[in-house]
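Dear colleague,

I am handing over a structure for your study, together with an account of what was found in it. Please look at the sequence and the structure first, and then read the notes below them.

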Amino acid sequence: MNINSLPGVRCASVAAVLLMAALSGGCSSSNEGASPTASATSVNVTLTAAQRQHITLYTVAAGPFHRSIDTTGVVDFDNDQSTSVLAPISGPVSRLVVSPGDKVKKGDPLAYVDSPDFATAVSTYRKALVTAHTARRLADLDQDLLQHQGIAQKEADQAQTDAASAEADAYAAKQTLLSLNVDPQTIKDIEQGRSIAHIQGVIRSPIAGTVVEKLISPGQLLQAGTTACFTVADLSRVWVMAQVSDADLSAVHVGDSADVLTSTDAKPITGKVDNVADLVSPDTRMVAARVVVNNTQGLLRKQMYVSVRIHSQHTENGMLVPVSSVLRDDENLPFVYVLQADGSFARRSVTQGYRVGDKFQIPSGLRAGDQIVVDGGLFVQFMQNQ
């Protein structure tokens, strides 16, 4: 006979199973309810003397400091050392002699132009010189005749006036050639009566620097004073337009030093703020602070994005703590461990302000004289979570 087939035995077995399940469920429920309560309670951490050897304390004190503002910027040409070269003469481009990246000196030719303006200016100067020489010679002759009573005073005076007028015309014609960047040797040849084999206009660089843009091509028709041909810039110094928010604007002033860091070079390039804009950008809602940077090594190029750290000269007062002392909880809120009177360490929430070098400003949460864990905070946190 199967014993489980008996009604009394079967009922006893079922009752035992139910009793075990009830006991098991009650223990599980009690444990789960205790766990959150324990984890939610923040208790101070007490370390042994040996464990205290693994941490370093820092005494909080208020004092003056200079704020640093971290932001981004865009590299631009120094507009005081760059220029757009406009065509001084009209006509088609016959030849280009430079390319972007070429270094040029002031007065170096950039392009040649078959220009009727140039030919006309050369011809006008040549004629003006001849007329001036003739008028001056006649005036000198009349002056001699006047001394011998060969002509009247009025005629001699008129000859002097004509000579002065012709010389003024010649001077104006020469200034026209100079404004067209005519080669000095060509002007000298004209003044000495030598012929010019091929009259051709030249576009010359107005400054020394680097050709950063070429905007024309051979055969293109240029309009004097209108067509932009090249951009020449002295790249040994550039501008970095740093973007400053409203919250940081009060700390940025002309004369502040700055460090510029590119993505390709780990060593910062020093510069100085020389202008803070009066207007807010409608696109970014930021204010541009212009940083002048020496670029003798050519590391910075126009439109390059860079990181900028501006070191304010303005002195502020507050409490600073080392960066390593500030930890983050599960909700990413900052806190520090503060030494208590009984030798334990308590977790204290703080408000983290801006960064000053390797320290954080703490507007609230700490008092002067508090001792906090600066090295070993993670060890204390580990012990607290045990």
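This is a predicted model: local features need pLDDT of at least 70, side-chain atom pairs count only at pLDDT 80 or more; totals for chains, interfaces and linings use all residues.

Residues are numbered from 1 along each chain as its sequence is written, and side-chain values use heavy atoms, with hydrogens and water left out.

Aromatic pairs

Rings of Phe, Tyr and Trp (for Trp, its six-membered ring) pair if their centres lie within 6.5 Å; planes under 30 degrees apart count as stacked, over 60 as edge-to-face, and the rest as tilted. By this rule there are two aromatic pairs. One of them joins F65 and Y354: the ring centres are 6.4 Å apart and the planes stand at 50 degrees, so the pair is tilted. Because F65 belongs to strand β2 (residues 62–77) and Y354 to the loop between β18 (345–349) and β19 (355–356), the pair ties together parts that are 289 residues apart in sequence. Strands here are DSSP runs of E with at least two residues, numbered from the N terminus.

F65 is buried at 5% relative accessibility, whereas Y354 is partly exposed at 22%. F335 and Y337 form an edge-to-face pair, with 5.5 Å from centre to centre and 90 degrees between the planes. F335 is buried at 1% relative accessibility, and Y337 is buried with a relative accessible area of 1%.

Charges over rings

A charge sits over a ring if NZ of Lys or CZ of Arg is within 6 Å of the ring centre and within 35 degrees of the ring normal. The charged end of R347 sits over the ring of F335, 4.1 Å from its centre. The charged end of R290 is placed over the ring of W239, 4.2 Å from the ring centre.

Salt bridges

A salt bridge is a side-chain nitrogen of Lys or Arg within 4 Å of a carboxyl oxygen of Asp or Glu. The structure holds nine salt bridges. One of them links R309 and D70, whose closest N and O atoms are 2.5 Å apart. Since R309 lies in strand β15 (residues 305–322) and D70 in strand β2, this pair ties together parts that are 239 residues apart in sequence. R309 is partly exposed at 30% relative accessibility, and D70 is partly exposed at 44%.

R290 also forms a salt bridge with D274, at 2.9 Å between the closest N and O atoms. D274 lies in strand β13 (residues 269–280) and R290 in strand β14 (residues 287–294), so the pair ties together parts that are 16 residues apart in sequence. R290 counts as buried at 19% relative accessibility, while D274 counts as partly exposed at 32%.

Strand β10 and its partners

Five of the six residues of strand β10 (residues 228–233) are buried, so the strand is largely enclosed by the rest of the structure. Two strands pair if DSSP finds at least two bridges between them. Strand β3 (residues 82–86) pairs with β10 in the antiparallel sense over five bridges, and V85 stands opposite F230 in β10. Strand β8 (residues 209–214) also runs antiparallel to β10, joined by four bridges; here K214 has F230 as its bridge partner in β10.

Yours sincerely

Terms used:
Buried means under 20% relative accessible area, exposed over 50%, partly exposed in between (1.4 Å probe, protein chains only).
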